[in-house]
Amino acid sequence: MFLFRARFWLFLGKVFLLAFVAQLALLQVPEILYDLRPREPVAVSGPDDLDPERLRGTIFASVQGSPDFGQAFVYRRYGLSSTYFQLEGYGPRLVIRTHEPVTEEWEQVGRFLGKLQPFERQPFSSKIREIYRERMGVEIPPGAFWLALDDVPRPSGWQFGGVAFSAVLWVLLFYLFFLRRRRAGRSRGPALRVRQETRFFR
């Protein structure tokens, strides 16, 4: 019984490790697809252009508008500080995130470049939604967007290398966990039968 439990937990550990390595590779795929897009941004000149049917998936966009820091806040997670703010006229339908310090000079900016996605796709979206609701009394509506400022499509060799390394590691682990013993068992089979037959004739 104890041996069965040990094998069971060992099997679960192997499956978990394979799933973890696969997840590392899959997380990079959307970023790679975005970085391979054309570097010509989609123009968003006003709130009416924020149409979920028109802006599907992840888009490199240029959003026109004046910043509104009346409900801005800084969110810190894992040692990284991010400032969230909105644009005048867009309301909670568009939330902008930047890792750069916000200064008074930002009030003169009229166009913002970055990665535009549905609000739910951003990291910690439920927490950001909760902050707006509890601190600002603002409810993020369905179909809202968020803009990762200055996230410009730019292919990176590190990303391609990371995906390739994860794929090779997954194949190697799968072979070591599940295929190696089977091949070893098959190769031992004929030799074992030959030994048994020679003993029988003796």
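1. The model is a predicted one, and the remarks below should be read accordingly.

2. The sheet is open and is formed by seven strands in the order S1-S2-S6-S7-S5-S4-S3, with mixed pairing. Its edges are strand S1 (42–44) and strand S3 (67–77), each of which has a single partner strand, so one side of each is left without a neighbour in the sheet. From one strand to the next, the twist averages 35 degrees.

3. Within this sheet, strand S5 (residues 94–98) pairs with strand S7 (residues 145–149) in the parallel sense, over four bridges.

4. The length of H2 agrees with expectation, because its 12 residues, at 1.5 Å a residue, should span 16 Å, and its end C-alpha atoms are 16 Å apart.

5. Which residues of H2 are buried? They are Ser125, Ile128, Arg129, Ile131 and Tyr132, and, seen down the axis of H2, they fall within an arc of 155 degrees, so they line one face of the helix. An α-helix has 3.6 residues a turn, so residues three or four places apart point the same way. The buried residues of H2 pack against S3, S4 and S5, whereas the face turned away from the buried side carries the exposed residues Ser126, Glu134 and Arg135.

6. Some backbone angles deserve a second look, given that most residues other than glycine have a negative phi. Tyr78, although it is not a glycine, has a positive phi of about 55 degrees, and at 71% relative accessibility it counts as exposed, because the cut-off for that class is over 50%.

7. Phe124, in the loop between strand S6 (111–118) and H2, likewise has a positive phi, near 60 degrees, in a residue other than glycine. With a relative accessible area of 32%, Phe124 is partly exposed. Gly137, which follows H2, also has a positive phi, near 70 degrees.

Definitions and conventions
Residues numbered from 1 in each chain as written. Predicted model: local features only at pLDDT ≥ 70, side-chain atom pairs only at ≥ 80, totals over all residues. Heavy atoms only, no water. Pairing = 2+ DSSP bridges. Helix = DSSP H or I, 4+ residues; strand = E, 2+ residues; numbered from the N terminus. Axes fitted to C-alpha atoms, helices over the stretch in contact; angles between N-to-C directions. Buried < 20%, exposed > 50% of the residue type's maximum accessible area, 1.4 Å probe, protein only. Expected span 1.5 Å × (residues − 1). Arc of directions from axis to C-beta. Contact = heavy atoms within 4.5 Å.
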